Amino acid sequence: MTLSHFRITRFQFARDRVIGDSQVRADDANVAALELISESGEVGLGFIQTLFTALPDQAEIESIFEREVWPGLAGQKAIALVHRVNRPRGGNQRAFSLPFGEAIQVALWDLAAKEAGLPLHVLLGSRRNRVRAYASGLDFHLSDDDFVKLFGYAASQGYEAFKIKVGHTDFVRDMRRLELLKSCVPAASKVMIDPNEAWNSKEALMKLEAIRAAGHELLWVEDPILRHDYEGLRTLRHAASWTQINSGEYLDVHGKRLLLEAFGADILNVHAFVTDVMRIGWLAADLGIPVTIGNTFLEVGVHMAVALPEVEWLEYSFQNFDHLVEQPIEIRDGYAYAPDRPGHGLVLSNTARENWARPKRLDRSELGAAPFNPRLPVFGGVA
């Protein structure tokens with residue numbers, strides 16, 4: 001089943017809440033669905049996403065994809081492409097003009113698994129079909145009331161672990177958020193914090209000690225300092241022995257390898273580049289370092305989570321994307337379940353294609369109400 005053509009559908013819509021961290025914020029979603037279609041009619045689905053600027057018009061996205069990407073895919077078999085090793089050199093070592101990389105990997109693996117007649121996680125070697133999910137608020141810019149509303153609702157849905165954003169210029173505010181979290185989730189809950197590189201190594205240690213002295217136990221602190229400060233991360237690992245350092249989110253495969261070799265992380269954080277995640281996951285397993293799956297679009301990372309050894313957690317952030325697919329990943333009682341359908345199990349919704357497609361770039365003021373998120377009804381939206 002060779003690749004015969006592709007289809008791109010552009011979406012742009014409001015989020016049901018402002019999301020962000022100590023460094024960034026966003027209140028709209030800019031997404032395009034990439035469908036790679038084989039001669040047999042099978043479809044592999046991935047999503048192109050930009051966080052802070054709107055994607056260009058659909059015609060321009062298609063033109064760039066056809067020029068920069070399609071010549072390397074046309075007429076090929078997906079199952080042969082997913083394991084191909086490339087070593088770009090010189091001027092060929094460059095990024096695409098738009099962030100196609102993750103969408104291509106996800107779509108190819110979806111199609112490859114369908115060609116094999118298997119769920120993606122089975123093709124990747126899974127021994128289970130579920131992983132614990134933790135509730136992540138992307139909550140830095142929420143008011144205290146909305147912060148409590150979000151995490152209180154998450155607790156009512158069976159989540160037992162919660163990650164909040166810290167790294168405010170006023171550390172008192174970070175401490176208040178930890179107290180607010182304690183007030184709205186069960187006492188035995190696991191708590192993680194994420195400063196998103198807001199601190200330096202010594203500052204991080206001082207603040208972690210202050211957090212502990214105030215009676216807050218942390219399962220991990222994520223990206224406390226700069227991603228490439230491997231020495232600082234390693235030092236922090238040993239100095240803050242009462243918690244774990246979760247890092248690697250911002251690094252490519254090369255950077256993650258350097259991080260592992262420097263023993264700069266107790267837990268390696270990976271995302272949705274399926275081929276990359278599996279390769280670095282094998283190296284992490286060889287070194288005995290656990291892996292956690294950070295935010296992945298529509299939770300497609302559940303397939304890698306259940307396929308790799310020692311993955312205990314998958315991040316879930318209640319983003320209002322479920323309307324884009326016919327059947328989202330199931331999350332129930334604090335667990336995410338890998339679908340048993342062929343491929344990754346996500347199919348672009350015809351309703352979304354008809355009602356939410358935006359071929360032309362819109363101004364933020366033209367987006368209207370956010371799509372309703374049934375997994376976070378407390379923030380409203382429209383069906």
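1. Let's start with how the chain folds back on itself. Contacts here mean heavy atoms within 4.5 Å. Among those in the chain with a separation of 6 or more, 72% are between residues 24 or more positions apart. Keep in mind that this is a predicted model, where local features need pLDDT of at least 70, side-chain atom pairs count only at pLDDT 80 or more, and totals for chains, interfaces and linings use all residues. Residues are numbered from 1 along each chain as its sequence is written, and side-chain values use heavy atoms, with hydrogens and water left out.

2. Now the overall build. The chain has twelve helices and 13 strands; these are DSSP runs (H or I of at least four residues for helices, E of at least two for strands), numbered from the N terminus. Along the principal axes, the C-alpha atoms fill a box of roughly 60 × 45 × 40 Å. The radius of gyration is 21 Å, which agrees with the value near 21 Å for a compact globule of 383 residues. That radius is taken over C-alpha atoms, and the globule rule is 2.2 Å times the number of residues to the power 0.38.

3. Of the 383 residues, 55% count as buried, where buried means under 20% relative accessible area, exposed means over 50%, and partly exposed is in between (1.4 Å probe, protein chains only). The accessible surface of the chain is about 16,100 Å², and 51% of it belongs to carbon and sulfur atoms. Those areas come from the Shrake-Rupley method with a 1.4 Å probe, and for residues only the protein chains shown count as cover.

4. Which way does H9 run against H10? Helix H9 (residues 253–261) and helix H10 (residues 274–287) pack at about 10°, with axes 10 Å apart. That makes H9 roughly parallel to H10. Angles under 35 degrees count as roughly parallel, over 145 as roughly antiparallel, 65 to 115 as roughly perpendicular and the rest as oblique. Axes are lines fitted to C-alpha atoms, for helices over the stretch in contact, with angles running from 0 to 180 degrees between N-to-C directions. From H9, the contact takes in Val-253, Lys-256, Arg-257 and Leu-260, and from H10, Asp-276, Ile-280, Leu-283, Ala-284 and Leu-287. By class, the H9 contact with H10 has six nonpolar, three charged and no polar residues. Here Ala, Val, Leu, Ile, Met, Phe, Trp, Tyr, Cys and Pro count as nonpolar, Asp, Glu, Lys and Arg as charged, and the others, Gly among them, as polar.

5. H10 also meets helix H3 (residues 101–116): their axes come within 7 Å and cross at roughly 85°. H3 is therefore roughly perpendicular to H10. Gln-105, Val-106 and Trp-109 of H3 make this contact with Val-274, Thr-275 and Asp-276 of H10. The residues of the H3 contact with H10 divide into three nonpolar, two polar and one charged.

6. Most residues other than glycine have a negative phi. Glu-197, though not a glycine, has a positive phi of about 65°. Glu-197 is in the loop between strand S6 (190–194) and helix H7 (201–213), and is buried at a relative accessible area of 14%. Glu-299 has a positive phi too, near 60°. Glu-299 is in the loop between strand S10 (291–293) and helix H11 (302–307), and is buried at 8%.

7. Leaving aside neighbours within four places in sequence, Asp-266 is in contact with Arg-237, Thr-243, Gln-244, Ile-245, Ile-289 and Pro-290. Ile-267 lies in strand S9 (residues 267–270) and is buried at 7%. Not counting residues up to four places away, Ile-267 touches several residues, including Trp-220, Asn-246, Ser-247 and Val-291.

8. Beyond neighbours within four places in sequence, Lys-190 is in contact with Glu-160, Ala-161, Phe-162, Leu-219 and Trp-313. Ala-187, in the loop between helix H6 (171–184) and S6, is exposed at 85%. The C-alpha atoms of Ala-187 and Glu-160 are separated by 9.7 Å.
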